[in-house]
Amino acid sequence: MPSDWSAISYQGWSATCDTLHAHTQVLGKLAVELAPAEPQLQHTALRLTARGWETSALPAPDGSGAVVAGLDLRTHEALVEHSDGREARISLMPDRPVAEVTREVLEAVDRLAGAVEINPTPQEVSWKVPLDEDYEHTTYDPDSVVAYFAAATQAALALSAFRAAYRGRSTPVNAWWGTFDLAVALFSGDPADPPADDFISRNGGDAQLVEIGWRPGGPNYKSAAFFAFAHPAPEGFAAGELTPDAARWEPELGEFVLDWDDVRGSSDPRGIAVEFAHSAFQHACAVCEWDPVLAATAEGTPPPLT
């Protein structure tokens, strides 16, 4: 198997995974406060770049230009960069508490771009301690982070290849700091009723979509895996038979999954991952009754010229 498709599962690095997850939430909180609002909360998403997790260019609070905050997973540092060339770097090692890193990141933003206040309450995780008070999450094993980053990079490239041809509205490969996953969403253009009344559901679930993504594993599903779901999903959605054969419906998640080990054990891991994404998307489009011409564009078939 290709050596850069690293083995990864939550059991093997859970403490470091949770610490890294908490660090990404600091970046996401900055995006929430500074980025112009977009539909489906797209302005809050981060990106996986060649060095790690990063915000997009955010308006500096003092009006002096743009600021980017990120996690450099090659040097194992948090970073804050101003568009004028100034930067600050904060070490994530050795085993530094999330509270210390959070405060130093915010101090760096203040120093380089102006003061900003974030809501330090973590989101979509099992712990409740505020980020700037979090001395519980301290474990940071660099070898585990390197393995995660290699796997996440390959997953992101597969997701990007899948969405490239689609001619409807779609997202880039978003790095979601609440759920700690990577995902692309493809939209039909029709509205949808949100699945719940909470803030995230109301604002993120108001459009018909199919989402394909990848997680490194977590408390609810230990294995790293690609996943796929549709919103809204009609009755019978779970009965679909996807390819490759290892793909299956996972009832507890309410999603189709393809385990990472089944992907990396293939002679063509990226091809298998992209196959799963296309299979899930075409199944969703069929049962959700999307415009078949629009759905076909994801396979590289352009719409007819008029």
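Q: By class, which residues make up the lining of the largest pocket?
A: The lining of the largest pocket holds 13 nonpolar, 14 polar and seven charged residues. Ala, Val, Leu, Ile, Met, Phe, Trp, Tyr, Cys and Pro count as nonpolar, Asp, Glu, Lys and Arg as charged, and the others, Gly among them, as polar. The model is predicted, with local features needing pLDDT of at least 70 and side-chain atom pairs pLDDT 80 or more, while totals for chains, interfaces and linings use all residues. Residues are numbered from 1 along each chain as its sequence is written, and side-chain values use heavy atoms, without hydrogens and water.

Q: What makes a residue part of the lining of the largest pocket?
A: A pocket is an open set of points on a 1 Å grid over the protein atoms alone, where a 1.4 Å probe fits, with protein on both sides within 12 Å along at least five of seven lines; a lining residue has an atom within 4 Å of a point. For the largest pocket 34 residues line the space, and Leu41, Glu124, Thr179, Ile200 and Gly204 lie nearest its centre.

Q: Which element gives the largest share of the lining of the largest pocket?
A: Strand 8 does, with five residues; a strand is a DSSP run of E with at least two residues, numbered from the N terminus.

Q: How is the span of helix 6 judged against the expected value?
A: A helix is a DSSP run of H or I with at least four residues, and its expected span is 1.5 Å times one less than its number of residues. Helix 6 (residues 269–287) has 19 residues and reaches 27 Å from its first C-alpha to its last, close to the 27 Å expected. Glu289, with a positive phi near 60°, follows helix 6.
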